[in-house]
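Here are some notes on the model, in numbered points. Please read them with the coordinates open.

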Amino acid sequence: MTNFIKTLAPFAINHGRLNGVLPSLILAQGILESAWGTSDLATKANNLFGIKASNWTGETYTKRTAEQRPDGSVYYINADFRSYDTYEGCVIDLCHKYTHGTGWEDFNRYEDVLNQADYKRATQAVKDAGYATDVNYPSKLNKLIEQHNLTQYDREVCTMVKIALDAGHGVNTPGKRTPDGEREWTFNNCVVNSAIKHLRIYEGVEVLRLDDETGRIDVPLSARTRKANDWGAHALVSVHHNANTGDWGDWTGTETYTYSADVPESERLAEIVQGGLLSAYGLRNRGLKKANFHMLRESRMPAILTEGGYMDSSIDIKKLRDTDVLEKAGQSIAESVAEYFNLSTKQKAITADQGNEVLYWAELLEGGSDGQQSWAYGMLQKFFNCTGDRLLIDPNQVKYLKTLIEKDDRGVRLWAKQELERYVDTNQVIYLATLLKESDGQRAWAAAQMPKYL
Ligand SMILES: [Zn+2]
């Protein structure tokens, strides 16, 4: 079985990429329609998809096939099928069918099959376009894709892995707070922000937040899953913290949920994430759980929901009030997602030359003329990829915000924390840049840390 996949995969990847067809779809159709390459057509003609020989000048293979009359009686005819030297020919033909339709079909007939990131959409689109009459055709393909982890081949085609994250609830959602009135959303938000920050160090990742990042609006669940589905996310992580009675108690632990049905890909992701969360929180392992939660049920990609610890637990609250723990939890989610998708860290090597440039800009930012300062600021903005809400500010502003984090006023502390998340920490960057000039070990370490800020 694995040999069949190995033989077919290079063709599926190559022609899938050229034509916008998901390799997982091609592979699953090949498996299903040729019974793992054992059918007559496959062994005699390398024809995996039962493509007939109409409008075909190449070799053919004639096969006696059973047909059925309306009254149910069976008769046999000889049908001509296309014959190929290798599997590659029939993969090309299948892709051609999707991009061009066939003779008598609309040119755009298979339009919805193309350029999909989500295999479930692709398999459904194949069925909807009338490729097969079997109503179970999409679910059969989906099952094969999940059982044999065929989406791993899609990642060679879709350059971007899209991760949807949300912090559960909004800051003012009634009920969702500790017995002392701290808000669940702020705990969730801290984890999500950290996860996003750490996902930045990997190549080819796009991140989308499904909640309102200010927390002011509790975005309805249906809007969250619609956003993830429309975007074509490849995975969804919903971050929560648990509650039991709402009064302080000694219940404790971390758990991760997947949808109640059999969802092997979500379960695989949950298993990795739960492992990371356990070491981040250091709380009891409550294990992997299943539930009919909206976020898990209505999302069309592998989806998990994490409950880091109990907000109303006198044990867990110590961890939840420690932002270092919450940041570690976010980091562990990023690392787990990277493991699940086999992501590699950014190869954008930060060279000593680049480090020198950063140092030069930083010096101008501190001591240059007004013109030099704004020029240096612009260069740094560009170098560190500052767009949208991601800003680069002068080290003094970061210093100021950092002093606010030490303040007793929890509101001020949280505000400063949130503000800081939006900024590239220039001090840290400059520190790393100076290390680029040091010993080999320090240089390698600094070069590896730098992309986090890019
Ligand atoms: Zn929650």
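1. Helices (H or I, at least four residues) and strands (E, at least two) are DSSP runs, numbered from the N terminus. By that rule lysine 197 belongs to helix H8, and the protein as a whole has 19 helices and ten strands.

2. This is a predicted model, in which local features need pLDDT of at least 70 and side-chain atom pairs count only at pLDDT 80 or more, while totals for chains, interfaces and linings use all residues. Residues are numbered from 1 along each chain as its sequence is written, and side-chain values use heavy atoms, with hydrogens and water left out.

3. Overall dimensions and burial. Along the principal axes, the C-alpha atoms of the protein fill a box of roughly 85 × 55 × 40 Å. Of its 454 residues, 51% count as buried; buried means under 20% relative accessible area, exposed over 50%, and partly exposed in between (1.4 Å probe, protein chains only).

4. A contact means heavy atoms within 4.5 Å. Among contacts in the protein with a separation of 6 or more, 70% are between residues 24 or more positions apart.

5. Zinc donors. Which protein atoms are the donors of the zinc ion? They are His169 (NE2), Glu184 (OE), Glu184 (OE) and His240 (ND1), at 2.1 to 2.7 Å from the ion. Donors here are N, O and S atoms within 2.8 Å of the metal (3.2 Å for Na, K and Ca); water is not among the atoms, so sites may look incomplete. The donor residues follow the spacing H-x14-E-x55-H in sequence. Histidine 169 sits in the loop between strand S3 (161–167) and helix H8 (184–199), and glutamate 184 in helix H8, so this pair ties together parts that are 15 residues apart in sequence. Histidine 169 and glutamate 184 are both buried.

6. Zinc geometry. The four donor atoms subtend angles of 52 to 145 degrees around the zinc ion, which makes the arrangement irregular. Four donors count as tetrahedral if all angles lie between 85 and 135 degrees; four count as square planar and six as octahedral if opposite donors are over 155 degrees apart and all others between 65 and 115; anything else is irregular.

7. Asparagines with positive phi. Asparagine 46 has phi near 50 degrees, a positive value in a residue other than glycine. Asparagine 46 lies in the loop between helix H3 (40–45) and strand S1 (60–68) and is buried, at 19% relative accessible area. Phi of asparagine 149 is also positive, near 50 degrees. Its loop runs between helix H6 (137–147) and helix H7 (151–154), and asparagine 149 is partly exposed at 21%.

8. Asparagine 19 is part of helix H1 (residues 2–19) and counts as partly exposed, with 25% relative accessibility. Beyond its neighbours within four places in sequence, asparagine 19 contacts Cys95, Thr99 and Leu114. From asparagine 19 to threonine 99 the C-alpha distance is 6.9 Å, across 80 residues of sequence. Lysine 197 is partly exposed at 31%, and its C-alpha is 8.5 Å from that of glycine 330, 133 residues apart in sequence.

9. Glycine 37 is in the loop between helix H2 (23–34) and H3, and is buried at 13% relative accessibility. Not counting residues up to four places away in sequence, glycine 37 touches Phe4, Ala42, Thr43, Leu48 and Tyr87. Valine 126 belongs to helix H5 (residues 119–128). Is valine 126 buried or exposed? At 0% relative accessibility, valine 126 counts as buried. Leaving aside neighbours within four places in sequence, the contacts of valine 126 include Leu25, Gln29, Tyr98 and Tyr137. Valine 126 and tyrosine 137 are 8.9 Å apart, C-alpha to C-alpha, and eleven residues apart in sequence.
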